[in-house]
Each structure stands twice: as C-alpha cells, then as structure tokens.
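Please open the model in your viewer and keep the selection tool at hand. The tour below goes from one stop to the next, saying what to select and what is found there.

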Amino acid sequence: MNAGLGIRIGSVTAVAALDTDPVTSVVKRSALDLRPGAAPSLAELWDRSARHLISGFADRVGDPVELIDDDGRSHRAEDLYATAARALVAEVSAGADSAPTVVVTHPTRWTAYTAEVLGEALDRAGLADVTLVPESVATMRWLEVTRGPQSDGLAVIYDLGASALDVTLMRTGSDVGVVGTGDHSQEFGGAQFDHAIMQYVLDTVSGSQSFEFDPFDPDTVGALVELRARCGQAKEQLSYDTSTSLTVDLPGLHTEVRLVRSEIEELVRASLLASVGVVRDAVAAAGLEVTDIDQVVLVGGSTAIPLVAELISSELRAPVVAGPRPELTVAVGAAILGSDIADATAADDAASLAAAPTAAVASAAAAAPMPRPTPRPAPTPTAVESDAGMSGRKKAGLVAGSVVVLALLAGGGLSVGTALTSDNTTPAESNSQTSISETGTPGTTAAVAEAETTTATTGENGSAAAGSEGSPTTVVNADGTVTQIDPATGAPVAGSPAPAAAPADNGAATVPTIPSVAAPTVPSYQPPAVQVPNVQVPSYQAPTFTNPLPNTANSVDKTLGGVVGIVPKILDPITGQ
C-alpha cells in the first residue's frame with residue numbers, strides 16, 4: 001500500500017514527513033542550491049554557506065517579479081517552490097518500494113489564484129499527481145488522528161514560525177471549517193527571538209571582558225552571522241533542556257557562554273504576551289468571544305518553547321494541544337491525508353475490478369432483444385373534440401373568422417348597417433375565403449385558419465335574405481324583426497311575424513337616429529377681485545434747525561470794529577499825531 005508524503009515549505013524551513021511507523025521526516029532550509037551541473041537540492045538546516053543558494057521564494061509565489069540567483073539567472077518564485085518540493089520528494093522516497101501519494105500544503109491565507117499558480121508550477125516540475133491543501137486542513141487531520149474524533153467546538157491554530165505568526169479559527173465536529181479570515185503578523189517569530197538571544201549574549205560577553213571589533217569588517221560580519229545561527233540552535237536546545245552552552249568566536253574574542261532556559265524565557269515573554277493580542281483580534285473579527293475557544297493547537301518550531309503553551313493557556317483560559325515536534329505537525333497531517341487518498345484510490349480500484357463481471361452481465365442483457373410492448377387502447381375522444389361533432393381545426397377556423405370580422409369592423413372595411421341600409425339590389429355572390437395568420441411567440445409559427453363568408457341576398461322591402469330555393473327565406477325587417485317567408489306561397493310561415501311596412505320613399509329600412517348629445521357648457525372663469533387695502537403713509541415733519549450760535553457773526557463784526565478803532569488810537573502817540 002502506498003504511504004502518504006506530506007510537504008510544508010516555509011519562509012525559512014522546509015519539512016517533509018512520510019506516513020510510516022515511525023514517521024520518517026526531513027528538515028531542510030528553504031534555500032535551493034542551483035549550482036550548475038548538479039541537481040537542485042535544499043541546503044542543510046544549519047548550513048551557513050550562501051554561494052549558489054537562493055531563498056525567499058516561499059513568500060513570493062504568484063509575484064510577477066522574478067528572483068535572480070548568483071549567476072544572474074531569473075526564476076519565478078512558484079517554480080522554485082515546485083523545485084524544492086520535487087527535491088524533498090526525491091530525498092524522502094529514495095529506496096521506497098512504491099511512489100508515495102504526495103500532498104503539498106500552502107498557507108491558509110493564500111487566495112485561490114496563488115494556489116492555482118503553484119499547482120501549475122508543480123505540473124511543470126513533474127508533480128502532476130500532487131494534491132494541494134491548506135495548512136489548517138492538514139493540522140485538523142493530525143488533530144483527529146492523534147486526539148480522536150472532535151466534538152463540535154472552536155479551535156484556534158496558533159502557528160508561530162520563523163518569521164511570522166498565523167492565527168486561524170476552525171470549527172470542529174460535524175461543521176468543520178474555517179471561521180473568519182484569521183490574522184497574519186510579521187511582528188512575532190523565531191527570528192526575533194534569535195536576535196534577542198544574540199544581543200543578550202553580546203551584552204554578557206562585553207560585561208565580563210573588554211574587546212573591540214570593526215562591525216564593517218567582512219570577517220566580523222561572517223562571525224556575527226555564525227553567532228546568530230548558534231543562538232538559534234541554543235534556543236531549540238533549550239526547548240527540551242534546561243541549560244546549554246554557546247561558543248562565541250569573534251575577531252579577538254573566543255569564549256563560552258552558558259544559557260539557562262529561564263533566562264531565555266524572560267527575553268521572549270513580552271513578545272509572547274503581545275502575540276496573544278493577535279489571537280484576541282482574530283476572534284473579535286469573527287464575531288466571537290474568547291470564551292468561545294475550546295482548544296488551542298500549537299504549530300510551528302517556535303511554539304516548542306515551553307513558555308508559549310504556558311502563556312497561551314493562562315491568557316486565553318483554554319487547553320493547549322501540541323505535538324512532540326510542532327515543526328512537523330503540518331507535514332505529518334498532510335502525510336496522513338496522503339495515506340487517506342491512497343486508501344480511497346485502492347478501494348475504488350478494487351470496486352472497479354469487482355464490478356467488472358456485473359458490468360459484463362449488464363452489457364449482455366442490454367444486447368438481448370427487448371420484449372414487444374403491449375399495445376395501448378386508443379384514447380377516447382374528449383368532450384372538447386366531440387363537441388357537436390366539430391373538429392379542433394374547424395373551431396379554429398370559426399375563431400379566426402371572427403377575428404377577421406372584428407378587424408374589419410375596427411378598420412372601417414365593413415359597415416354595421418350594410419344589410420339594413422342597402423337598396424333593393426342584389427349584391428354579387430361571393431365565395432371568397434378569408435385567411436388569417438396569427439403569430440405566437442418568437443421562433444414559432446401559428447396555424448392559419450380559414451373564415452367562410454355567407455352568401456347574402458336582398459329580399460323584398462329592402463330586407464336581407466339568406467338561404468336557397470325551396471327552403472324558407474329569412475327576411476330581416478326594417479324594425480329589426482325577422483320573418484320566415486315560404487318561397488312557394490310568398491306568405492309568412494305560420495308563427496312568424498308579418499313583415500313590417502316599407503318606408504314611403506325608396507323602400508330602404510329606416511336606421512334609428514342616434515340623438516345628438518350637446519356638449520356641456522363650461523362657464524367662463526372669473527378671477528376673484530382682490531381688494532388692496534389703503535395704507536396711510538404718515539408724513540414726515542423735518543425738525544426746524546436753530547443756529548446754536550445766533551450772535552456769533554455780530555459779535556465778530558463788533559470785535560473787528562473795536563480792534564480797528566483802537567489801532568489808530570495806539571498809533572497816534574507813536575507817530576506824534
């Protein structure tokens with residue numbers, strides 16, 4: 001029986017798991033080695049080399065901007081993703097008796113377009129039979145297998161990876177499915193934890209001994225990259241051990257630093273507490289309450305830190321579920337799905353083989369002659385068809401004739417009083433047949449019905465007569481009565497009213513005069529008179545202006561006169577006159 005193979009490719013780590021007992025797994029860096037002349041392969045997890053390696057494609061699937069490797073070649077991100085998946089399949093299935101059924105996962109937040117782009121890239125890479133599923137589906141399948149059937153409730157998938165945190169809400173039980181849109185945050189991840197640990201190590205070393213180095217020196221940069229990788233390894237080691245030692249090798253400095261789990265947990269505690277807010281936001285966005293959470297499933301390598309389960313459980317007041325290696329949870333769930341698909345395919349093949357004889361018998365039975373059907377009795381004519389012995393076609397003809405007459409009346413082609421106002425002349429016989437074509441719905445053709453015209457003759461007294469020689473003649477009198485005339489005697493048939501007297505003038509029947517109706521007189525409209533009130537405007541009496549200085553001018557004149565009179569008197573003593 002074919003085993004299932006699950007693959008999960010993240011931004012930093014690529015994981016493959018084979019559904020065997022025990023599970024066979026491979027963990028690699030999400031960095032492809034595209035060295036010329038060699039088959040593409042994924043780098044080892046803690047490989048520090050960067051030559052001929054290209055990464056960052058996991059977060060760029062569907063991006064039209066291509067990635068460029070060290071040799072200047074451009075690659076589409078989805079093609080690199082598919083190449084990495086093919087390399088994992090080749091490595092895990094090497095030496096297997098049969099090819100596994102492959103299931104590749106992708107982030108739940110991806111759109112249908114992104115998943116379709118990846119599916120086309122997998123086809124180009126030779127993985128046409130691969131099944132694509134969201135990571136949340138694979139996680140819930142792992143939960144069902146490891147924890148048993150789930151009752152109806154709400155589960156939160158807390159996926160803390162190397163570079164981001166993904167929160168997905170899932171319904172469990174009979175109504176399984178994604179709830180809301182979840183949340184994705186790049187503020188939390190294992191990379192941030194590694195940076196905090198490296199900073200702590202450098203602070204510890206600088207406090208115990210003095211050293212100097214150039215941060216722009218290539219050797220120093222390479223040593224710092226190596227130190228950060230070692231901090232990541234120490235973080236993973238402390239997830240399972242309580243203490244570990246770390247080697248610090250920098251230009252001019254070589255020492256060992258002992259790290260304890262409690263110290264590292266204090267470095268990441270604040271960040272983990274803040275990540276709980278992302279869960280609360282996702283729950284609120286879905287219209288739910290935190291109290292609705294029944295369990296939290298921890299996924300991703302960074303959730304292996306024991307403090308994560310402790311804080312999540314205490315803050316959300318919900319039980320926490322985690323596997324022994326959370327970084328493998330999604331891949332293992334995908335592998336289980338692959339086994340399910342393989343089992344279903346095998347069952348279908350077995351059912352097809354078992355149904356082959358039955359199909360042969362059915363084919364033979366189909367080829368055998370069928371028994372002759374029992375003749376059915378002729379249908380009994382309905383009441384409509386046998387009404388007065390008249391066929392449907394005949395009735396249609398009469399109806400059509402009526403329509404023709406109504407149309408002529410409406411158009412003025414036939415006068416209502418033709419037989420009543422005609423002279424004592426016999427009109428020419430007419431055997432013409434009038435046909436009418438009715439159009440039904442568009443695209444269909446209506447039946448053509450025939451309308452028969454009756455030969456009419458004018459009898460005595462200007463009355464219209466109908467019939468043939470040897471039979472009573474019907475005469476319509478001028479007063480509207482009908483008299484049956486025996487053609488042999490010329491007298492009215494017994495029981496028939498006597499014909500009305502002919503008019504004195506020309507023998508034509510008198511047509512009743514329609515009294516004229518006088519049009520009602522519309523009285524002329526007299527607008528009502530509007531009485532404009534007489535408004536008395538009060539007159540304005542301007543006040544009389546009184547000169548406030550009535551004697552000013554006289555006083556000035558007197559003053560000037562006095563001055564002029566004094567001047568000669570003053571000048572006389574001076575001039576001696």
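**A tour by selection**

Begin by selecting residues 135–147, which form helix α3: its 13 residues reach 18 Å from the first C-alpha to the last, close to the 18 Å expected at 1.5 Å a residue. The expected span is 1.5 Å times one less than the number of residues in the helix, while helices (H or I, at least four residues) and strands (E, at least two) are DSSP runs numbered from the N terminus. This is a predicted model, in which local features need pLDDT of at least 70 and side-chain atom pairs count only at pLDDT 80 or more, whereas totals for chains, interfaces and linings use all residues. Residues are numbered from 1 along each chain as its sequence is written, and side-chain values use heavy atoms, with hydrogens and water left out.

Within α3, now select the buried residues, which are E135, S136, A138, T139, M140, W142 and L143; buried means under 20% relative accessible area, exposed over 50%, and partly exposed in between (1.4 Å probe, protein chains only).

Next, select D123, which lies in helix α2 (residues 112–124) and is partly exposed, with a relative accessible area of 44%.

Move on to P22, in the loop between β2 (13–18) and β3 (24–29), where the peptide bond from D21 to P22 is cis, with omega near 0°.

Finally, select R317 in the loop between α7 (306–316) and β17 (320–322). The phi of R317 is near 55°, a positive value in a residue other than glycine, and R317 is exposed, with a relative accessible area of 76%.
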